Amino acid sequence: MLEVLAQGAFAEPMASITLAHYLVLSGAMFVLGLVGFVTRRNLIIMFLCTEMMFQASGLALVAFARYSMNLDGQTFVIFVLTVAAAEAAMGLALVVLLFRKQESLSAEVWNQLKG
Amino acid sequence: MDGCIATTLGAGDPGAYLPIFLMIMGAIGFACINVVGTLILGPRRKGETKGIPYESGMTPVQSARKRFNVRFYLIAMVFLVFDVEVVFLYPWAATFSNLEPQSEQAFTWLVRIMFFLLTTVVAYLYGFRKGVFKFD
Amino acid sequence: MLDLAPIAMTLAADSPAAVASAPAWVMLIPAMPMIGVVLCTLMSIMGVRSKLPAFVTVACLAVSFLLTVFMFTGHSEGWATAVGWEWLHYSWGDGNGQNFTANFAFAVDGLTILWMLFVTGLATLIALYASEYMATDVGQGYNRFFIAFNLFVFSMACLVMGSNLLMLYLGWEGVGLCSYLLIGYYYKKPEAVAAAKKAFIVNRIGDVGLALGVYLAFVHFGTIEYTELFASEKLQGYLHDAAEGHWSHIPWQASAIPLFLMVGAFGKSAQLPLYVWLPDAMEGPTPVSALIHAATMVTAGVYLIARTYPLFQVSEIALPIVAWVGTLTALLAATIGMAQFDIKRIMAYSTVSQLGYMFAGLGVMTSVGAGFHVLTHAFFKALLFLACGAVMHGFAGQLDLRKLSGLWKVPGWRIVTIGMFVGCLNLAGFPLTAGFFSKDMILAEAFVTPGFALIGWILLFTAGLTAYYTFRVFFRVFVGPVEYHAGDDHHGDDHAHDDSHGDDHDAGHGFHPHAPGWAINFVLATLAVCSIVAAGLYFIGDHGWVAGMIHDSTAHIDPHGDEAGGSHGSAALFGLDPHKAMYYISSVVGIVGIIFAYAFHLHGRKSAGEAPAADAFKAALGPIPRWAENKWYVDELYQFLFRGPLLVLSHIFRYVDMLLVDGLVNLMGWLPYAVGGRLRRGQDGVLQSYAASMAGGLALFLLVILLLVNQSA
Amino acid sequence: MTDKLIYLWPEVTLFITTCLVMVLGLSPQAEVRRLCAWVSAVGLTVAAGLAANGEPDPNALLPNIMPFAKVVIAAVGLLLLMLLAGTVDREYEADIESGKTKFNPLRSNRAEFYSFFLFSLTGLMLCASAESLIWLFLALELTSLPTYIMVIISTRGAKSQEAGVKYFFLGALGAAFFLFGFSLIFGGTGATHFDDIADSIAANGINPILTLGLLISMIGLSFKIAAVPMHFYTADVYQGAASPVSAMLAFVPKTAGFIAIITICAAVGWNYGPNHTSLPEGLRLVLWITAALTMTVGNMLALRQRSVKRILAYSSIAHSGYMLVGVIAGPGPVGGSFTSNGLAAVLFYLLCYGFMNVGTFAVLASLKHADGSEADDIDDIRGLCSTHPLLGWSMVLCALSLLGMPPLLGFVGKLGLFTSAISAGEYAIVIVLGLNSAIAAVYYLRLIVTPYLDKPAEQDVLRVEKVGIITRPMVAVISAASVIGLVLVAQPLIEASSRAGVATRHGDVHAVEQAAALRDDINEPRP
């Protein structure tokens with residue numbers, strides 16, 4: 001499958017690792033994060049999964065920045081890191097609070113609001 | 001900008017969507033195989049052990065919940081936030097030395113980073129008022 | 001530059017749309033009642049428990065009235081507009097009908113001034129009356145009443161003064177809303193709530209007609225501003241065709257407009273077949289009945305037709321329909337009124353009947369007659385209602401004419417009786433009263449207009465019936481032996497209940513009616529004087545003052561090639577000038593009616609409940625009086641025609657599916673409900689399933705769209 | 001970049017106010033702490049004034065969006081501030097006053113609550129000024145992150161914590177989506193500035209990576225506007241949060257999302273399709289399906305609710321669907337009026353929705369049960385017109401307006417959406433919109449009939465009482481008055497939104513002349 005991609009659209013004759021490789025890796029990270037978010041019940045793991053999705057975007061950004069020689073992409077990554085850190089701070093505080101309340105980190109205990 | 005992918009791909013060519021499609025399929029497929037693989041191969045246990053903070057298989061000998069002082073969390077978070085500020089200082093510092101000294105541009109850059117640091121000061125002030133830095 | 005200026009000026013002068021601008025204070029006329037609304041609302045919020053809202057209302061409305069008088073004296077001729085602000089402006093092209101403008105603006109001409117004079121004048125007087133009438137409700141109810149009262153006057157002012165059909169529509173809905181709120185004022189009484197609902201629903205039918213008419217007018221003529229609409233070349237062309245008799249040259253869209261507008265007018269002015277709400281509307285407080293449901297709001301239909309008279313003239317059938325509907329309504333309502341016992345209801349049917357006269361007047365092309373009748377009717381009908389209200393107020397809600405008698409001799413009721421007498425004379429068309437002249441104008445015009453003689457005869461007959469049922473009330477209630485029974489109903493439970501009276505109110509003795517106070521008497525006296533003086537208006541100017549006002553408006557017509565409303569050289573009735581002939585004929589008819597009333601209801605009557613002559617005559621007529629008393633079963637007929645089948649239908653659906661309880665509406669509602677129920681299962685409150693749905697949604701969207709784009713690309 | 005600063009004074013003002021409030025709210029003196037709300041109000045008013053006098057930016061894709069959107073944000077923000085006042089720390093402050101406890105900055109939430117609110121509004125305004133993907137991303141996050149915490153601290157109950165969990169985690173997921181989308185847009189065009197993106201698209205056309213990026217970012221952004229398939233959190237979160245915060249959630253992130261969607265679509269341009277008046281097929285299709293599903297799902301879910309807040313939440317979902325119709329329709333022909341400009345319709349509708357929605361939530365926020373819990377059940381508003389007339393009528397008016405009843409504000413707003421979609425030739429979605437308006441009538445009528453016609457049962461009379469915060473009923477009444485009053489001044493508002501909805505890159509054929517005309521327009525002294 002990778003060969004198809006490499007020979008098709010993204011072939012760069014010189015490089016052995018092409019943009020396509022980065023993109024597939026980034027896509028896989030994104031989907032893995034997504035799948036992890038959906039399947040895991042532990043709030044911390046779920047949060048780490050969203051971080052993974054963020055970093056997938058970061059990887060794609062860096063790869064694209066390198067490809068199009070536009071450093072804006074790399075700047076973007078720094079900002080993404082900051083936002084991810086802020087979100088992490090909030091997420092961890094939230095997890096602590098929730099754990100104190102319910103004595104569990106499972107996401108399933110929070111199901112009173114529905115319908 | 002000339003290097004952008006559009007030129008390589010050729011817009012409007014229906015075949016151009018095939019690699020994208022395959023790429024998505026590949027990404028989804030890879031992820032799904034992993035998940036399905038763990039479902040099939042991995043042992044499945046449910047219960048209390050699964051809900052505990054450490055999923056490494058270690059059974060905690062006693063409740064993990066000791067009464068840590070809440071300040072530990074606060075310090076951890078303050079560190080996290082202030083730590084990230086530095087990320088912005090590095091690129092700035094690396095570029096600033098290349099600017100022409102005394103130029104208007106250099107001045108603008110200085111003002112900008114000062115404003116940025118000022119916001120950090122406000123955050124510090126807030127933390128101070130909140131009592132994060134009191135260790136009594 | 002210099003050469004062009006005179007040309008431009010000539011163009012401006014020639015252009016029919018050139019309109020004078022009215023002084024800005026004209027906008028204060030609708031603004032004053034709005035200020036009243038705000039003040040009364042504030043008082044309501046602050047929990048004022050005094051008569052303050054009433055006096056604020058009277059003050060605001062009086063200022064409004066004075067300004068209207070200034071507007072009248074300062075008005076010269078033709079249109080004068082005052083633009084409040086540019087309100088709505090949509091355009092989707094440059095062509096005709098692609099540019100929708102409706103400004104919050106007011107346009108003044110003779111018709112507007114005529115209407116505004118009696119609307120604000122009567123509103124002031126009736127607010128004063130209500131300050132005493134509603135006194136037992138002081139507090140939140142009192143405040144609520146005056147908020148709605150002010151809002152009504154504001155809406156009515158918008159309706160009458162607005163410079164475009166959208167403003168008219170806005171006011172139209174506004175007065176409908178206020179009418180609804182005020183009919184349902186005693187909301188604890190189920191009848192009042194039902195009456196309010198009925199009025200609301202019946203009016204909605206009319207409003208749909210009006211809305212369609214306005215829409216069609218916009219689509220066809222490309223504007224709804226009066227000044228532009230009536231001056232438009234299209235309309236002038238149609239009018240020319242109509243005058244020449246080339247009806248086929250007029251497109252059907254144009255001739256359909258009046259038909260839709262007519263439906264609106266029939267709804268608001270309680271004409272066949274939409275009149276059923278008005279008698280029930282009497283459940284509201286009497287000042288409301290007097291102002292809204294007798295004098296002003298119900299004449300909005302007449303106003304609408306008079307205002308859009310040129311539109312009506314481009315349809316061959318519109319005005320004849322109006323004439324016939326009006327005539328039949330007049331007759332039907334009069335027959336029902338003859339058999340009722342509730343004096344307020346009798347007045348309500350007489351209102352329906354008199355409105356029928358006005359429509360007939362419009363239909364036979366005497367807008368002057370209709371306008372004059374609107375004016376005189378406003379005064380004497382308000383007077384009659386307020387007198388009835390005083391009786392109701394004084395006798396604890398008693399309105400049955402079989403339980404009241406000889407009020408003239410009860411201390412403190414002289415002014416009410418005199419007021420009632422003046423009102424009755426006017427309504428009965430007694431010679432030389434205002435009602436006499438205005439009715440004669442309509443009757444005479446019906447006889448001289450070719451093809452409408454039958455209408456004239458029916459209306460003449462109805463005039464006799466009117467005289468009869470009017471004086472039936474007067475002879476039963478106000479003269480004859482003294483006897484009275486208190487009403488068992490303290491209207492709407494809101495009236496103060498004086499225990500010393502309440503114990504044995506059916507006995508007739510022991511109950512002491514409380515005579516009206518200064519406010520009620522003052523208002524009644526003023527109105528009585530106004531009703532008498534109104535007759536004098538007929539002798540001002542060439543053809544009466546009203547004719548002058550109407551000529552200066554869109555309702556002005558020249559149907560026979562000579563002065564409208566004047567004598568018609570060629571036409572004659574019994575060899576006399578039709579108006580002169582009508583003076584004699586209708587005098588005789590009116591007096592005969594009164595004599596019948598005397599013979600049946602005063603002569604030889606010993607008690608309040610029994611009138612031997614009338615009862616004997618009634619027995620001779622068989623079941624007819626009972627049918628009339630039951631309003632010819634029109635309500636039941638409507639029930640049978642519309643509600644009955646719907647109920648049956650809903651029962652059928654009920655068997656089809658238990659969910660379909662209320663008929664068709666719920667059938668359409670069912671599907672979303674069912675789907676909603678299914679969808680709710682997705683909202684199970686678990687984080688993971690939400691996330692899974694989101695992820696699934698993303699994947700699904702991407703696949704679908706990539707596949708679709710792939711195919712189409 | 002530096003030139004852009006002159007457009008950012010409202011944001012700067014808000015930021016300074018935020019810093020002030022953050023520090024003031026932690027003062028040991030109760031009087032100083034009470035200043036928070038007032039300082040915030042002053043800051044917002046100044047920001048509104050600055051925004052109203054703000055200059056349009058002729059170089060932006062939507063040159064006039066800034067003044068209009070920012071004024072709307074500040075105006076609705078002021079209403080929201082009045083509504084939010086007194087939400088947190090009421091018991092705590094009372095305890096301090098009575099001497100039961102001493103002030104502990106770690107326990108106090110007031111400073112955070114107000115400053116986070118202002119942060120969120122700052123982020124929202126920054127969305128309107130965004131000129132690049134990075135900026136837009138940061139602004140969106142600045143809008144959202146504070147709201148997560150506001151939800152959690154809005155009440156002390158477990159419900160708001162549950163709402164917070166769901167909102168935060170799903171929000172992070174949504175953010176990851178649109179971030180990934182943004183990175184692909186960057187990849188597809190090689191630029192982050194919207195100007196450059198538009199240039200690149202104009203020069204090279206749409207490529208698959210860009211299409212994919214646009215789709216994923218639209219789906220990610222549909223979390224902000226609560227649209228299908230990211231709508232699941234809405235009802236739970238609105239129900240769990242305190243009513244004032246729910247009111248804020250229904251306006252602030254939604255506005256941010258719509259501004260972001262409009263900006264991105266403006267970079268792509270409405271130059272595709274047979275008449276060169278619609279978005280590229282893929283983007284149009286995703287918005288189309290989202291819009292249709294969103295309104296349908298939202299309305300159907302609302303039908304069978306008992307909780308007023310859930311009804312309003314689902315109605316908020318449905319309204320997002322309505323507004324997406326305007327985005328699909330696009331800015332219409334060059335020089336067209338409000339009736340053909342879908343973007344203007346969306347911006348105007350956001351304003352309408354802000355007022356009506358705040359009004360309904362304010363009515364709920366003004367009521368509480370005897371035990372202090374929030375009013376939420378439909379029975380709580382039964383017969384409200386007779387027990388609390390002002391609140392009852394406010395509810396009736398706002399619900400009528402949400403229903404789109406002429407001549408109220410909601411009708412004027414919806415009219416624009418309808419006409420713009422018709423003039424863009426999107427008849428199918430107009431039919432869906434019409435059908436949905438009919439379905440929606442069913443549950444809005446419940447909100448109208450229950451307070452107005454239903455009489456409270458005997459035991460219901462004392463069921464709810466007014467809360468002791470005077471500003472909340474005031475907000476309800478102001479909103480209800482605006483629902484009527486703003487119709488009377490609809491013309492200037494419509495004109496302003498029509499100006500705001502002009503996209504320079506739209507219709508590249510005309511782009512040059514239009515931008516020139518616009519610059520002339522801007523340079524003319526305004527009255």
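Residues are numbered from 1 along each chain as its sequence is written, and chains are lettered from A and ligands numbered from 1 in the order in which they are written. Because the model is predicted, local features need pLDDT of at least 70 and side-chain atom pairs count only at pLDDT 80 or more, while totals for chains, interfaces and linings use all residues.

Chain A has 4 helices and 0 strands. Helices (H or I, at least four residues) and strands (E, at least two) are DSSP runs, numbered from the N terminus. Of the 115 residues in chain A, 47% are buried. A residue is buried if 20 or more other C-beta atoms lie within 10 Å of its own, exposed if 12 or fewer, and partly exposed in between, with C-beta atoms placed from the backbone. Helix H4 of chain A covers residues 72-102, and its 31 residues should span 45 Å at 1.5 Å a residue; the end C-alpha atoms are 44 Å apart, which agrees. The expected span is 1.5 Å times one less than the number of residues. Just after H4(A), A:Glu103 takes a positive phi of about 60°.

Chains C and D touch, with 38 residues from chain D and 32 residues from chain C taking part. Contact here means that the C-beta atoms of two residues, placed from the backbone, lie within 7 Å. Several helices of chain D each supply at least two residues to its side, among them H7 (158-189), H12 (281-303) and H18 (427-452). H12(D) gives the most, with 10 residues. The side of chain D that touches chain C divides into 26 nonpolar, 8 polar and 4 charged residues. In this division Ala, Val, Leu, Ile, Met, Phe, Trp, Tyr, Cys and Pro count as nonpolar, Asp, Glu, Lys and Arg as charged, and the others, Gly among them, as polar.

Within chain D, helix H3 (residues 65-84) packs with helix H19 (residues 471-488) at an angle of about 150°, and the axes are 7 Å apart. H3(D) is therefore roughly antiparallel to H19(D), a term for angles over 145 degrees, where under 35 is roughly parallel, 65 to 115 roughly perpendicular and the rest oblique. Axes are lines fitted to C-alpha atoms, for helices over the stretch in contact, and angles run from 0 to 180 degrees between N-to-C directions. D:Leu79, D:Met82 and D:Leu83 in H3(D) meet residues of H19(D) including D:Met474, D:Val475 and D:Ile478.

D:Ala226 has a positive phi of about 60° although it is not a glycine, and D:Ala226 is buried, with 29 other C-beta atoms within 10 Å. A cis peptide bond, with omega about 5°, joins D:Val228 and D:Pro229.

D:Ala226 is one of the residues that D:Ile317 touches, not counting residues up to four places away in sequence. D:Ile317 lies in helix H13 (residues 308-329) of chain D and is buried, with 28 other C-beta atoms within 10 Å. D:Thr234 is also touched by D:Ile317; the two are 83 residues apart in sequence and 7.7 Å apart in space, C-alpha to C-alpha.
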